[in-house]
Each structure stands twice: as structure tokens, then as C-alpha cells.
Amino acid sequence: MTNIPSVDLADFLSDDPQRKQKFITEIGNAYENIGFVALKNHFLSDELVDKLYQEIEKFFQLPTETKKSYEREEIGGQRGYVSFGKEHAKGKKEGDLKEFWHFGQEVAPDANIDEDYPENVIVKELPEFNETGMKAYRMLEKTGIYVLRALALHIGLEETYFDHWASNGNSILRPIHYPPITSEPENAVRAGAHGDINLITLLMGASAPGLQVQNRDGEWIDAIAKEDELVINVGDMLQRHTNNKLRSTIHRVVNPPRELWHTSRYSIPFFLHPRSDMRLDCLEECIDENHPKQYEDITAGEFLHQRLVEIGLIKK
């Protein structure tokens, strides 16, 4: 496989059972083979995407001392600003060549949730920044829940199996700025090879190329979606929960050619996390004599904490 498959959410939302099954089969097969798809007809409008990119560019152009005033190291950077080079890929010591922001869940009044999420950090210099970010958050969360419904049916579960866990879950919207490269980066890249922690990741089109996915043959292929598509991939939580039936594929963001070092790159992934008390134990539907259980039982909250330590956002 030399590119990522494209699927159409309108098929799944159709009243035609054949179209709905077509989507389930296509996305299920893609996630078993390469772990990535490009998805069109999602719920995020072009106008909202454009507005969000305008707002995040304004934020990252603020003075460094202003941005750092919004850094919340005491909560492992789960909300607000995370400064340049602080995060690294699991197993690497070199920091990634990026800075980013975290918008988090704002729980519905009737959510009946046991945990307290940190409050979002308000950027007072940009009156539309937070509102725009949370509008995008809601549309990406809605899209992600429909993708999970299709995957539940593919696995053999009830269609709404993931709804409770993903609604009001510990999801994160992360606008990222990869600044211009000003000196030889040695071993550092914009984002080192890694798998995502969460259930699924939804990525709107970046401002420049760079995202690459490792296929089954170990080859790096460019993950390129059309302007109106989201790139959506499986995370480690879902791979673990499905006993490796669905693949959390290693991916990276490579540095641009030297002649483009002077350019910035912006990217906005939405990491769809479940509620922390969701159990990630391997599903019985994904275990048989040819596929014995591969992982110990664990909750989503316990797994997230382990991984935040491994990537340097939480200190041991």
C-alpha cells in the first residue's frame, strides 16, 4: 500500500443499508491493514477550519513570555501552552521541534462523570481563540463518535458501544506550531516516530506536508488528504482494546527540505480519549485460538498516565 484509503462518512449516515455496510467494511479493512484513512463529509465546516487556523497563528505569533504565561506544568500540560521541545517521542531523548496548545473537555451538565477535568486556559489577548477552538472540538468529537460506531459494528459489538465512553471523555484538541528551523537539527525532527495514545486521532489538513505513515513493509509513505478530508488513525488504546485487530500505526512529521527551513508548519490533531474509567481489557470478540490475549487489563486513565510519563509531559 502506497497511500491511505479514502472513505465517505455520508455512506455510513445513509439510509441505505448497503452504503452503510460499505463504509463499515472499508474503514474496518483500512484500520486492520494500515491504521489510517482519509475521511470526507465530516461535521467540520471549511469556515470553522479557516477561522481556527487564523486564531492559532495569532496565538503562536505572540511573544514567548506571553505564551509561557499560559503554561501549566503542574498538570502535565493537559491544558494551555506547552513550550518548544518539551515533548518527545516514546524512547527518544531529543525533544520534538514543536510548541502546542491543549483545549480539553468541557463536561455537559448531565454527564454524570466521576472525575474532574482541568479547566481550559483562557487567552485574554485573543477574545475569539477559546470559543473557536471549542466549536471545532465539538464537531471533531461528533465525527469521531460516528467513526467509533462503525468500528463497533465491524468488531461485532453494539453500534453505540463507545458512545458513553467517548461522550464527555478526556479528549484533547492540540493546535501545533512547528517553527522555522534555524540551525542543523541533528537528531531532532518535527515529530519523532510514534503511535498515538488514545482511541482514534482526527487530523484536519496541515498547512504544509510532512506527515508520514509506516506501512506493513516498513516503508514510510506520505499521508496526504484532500483539503476537505480529515486524516483519522487508530491509537494505542483502541489497538490494545481490540487485541491488535485494529492497528495503531507508527507515524512521524519529517523536517522539510533545507530550502523550506524558513517556513512554519501548523497542524491540528484531535485526540479522542474515553472517560478515564473505561476498561481497555482485550475484547472477547477479538480473542480466539489464533489471536490469544496480548495485553494485561488496565483502565484508560492508568494507561494515559503511563504514556504521559514516557513522553516527558509528566515527571516520575
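Glu159 is partly exposed, with a relative accessible area of 23%. Here, buried means under 20% relative accessible area, exposed means over 50%, and partly exposed lies in between (1.4 Å probe, protein chains only). The model is a predicted one, in which local features need pLDDT of at least 70 and side-chain atom pairs count only at pLDDT 80 or more, while totals for chains, interfaces and linings use all residues. Residues are numbered from 1 along each chain as its sequence is written, and side-chain values use heavy atoms, with hydrogens and water left out.

The structure holds 16 salt bridges. A salt bridge is a side-chain nitrogen of Lys or Arg within 4 Å of a carboxyl oxygen of Asp or Glu. Side chains of opposite charge can pair when their charged atoms come close. One of the bridges joins the side chains of Glu159 and Lys20, at 3.1 Å from N to O. This pair links distant parts of the chain, 139 residues apart. Glu159 sits in the loop between helix H5 (129-155) and helix H6 (163-166), and Lys20 in helix H2 (residues 17-33). Helices (H or I, at least four residues) and strands (E, at least two) are DSSP runs, numbered from the N terminus. Lys20 has a relative accessible area of 23%, so Lys20 is partly exposed.

A salt bridge also joins the side chains of Lys51 and Glu128 (3.2 Å, N to O). Again the pair links distant parts of the chain. Lys51 belongs to helix H3, Glu128 to the loop between S4 and H5, and 77 residues separate them. Lys51 is partly exposed at 23% relative accessible area. Glu128 is partly exposed too, at 40%.

Arg138 is partly exposed, with a relative accessible area of 28%. Glu141, at 8%, is buried.

Rings of Phe, Tyr and Trp (its six-membered ring) pair if their centres lie within 6.5 Å; planes under 30 degrees apart count as stacked, over 60 as edge-to-face and the rest as tilted. Phe59 and Trp101 make an edge-to-face pair, with 4.9 Å centre to centre and 65 degrees between the planes. Phe59 lies in helix H3 (residues 46-60) and Trp101 in strand S4 (residues 99-104), so the pair ties together parts that are 42 residues apart in sequence. Phe59 and Trp101 are both buried. They also belong to one aromatic cluster, along with Phe60, Tyr70, Tyr81, Phe103, Phe129 and Tyr266.

Two loop residues remain. Asp228 is found between strand S10 (220-222) and strand S11 (230-234). At 42% relative accessibility, Asp228 is partly exposed. Leu260 occupies the loop between strand S12 (251-253) and strand S13 (265-272). Its relative accessibility is 38%, so Leu260 counts as partly exposed. Leu260 and Ile181 are 79 residues apart in sequence, yet their C-alpha atoms are 8.7 Å apart in space.
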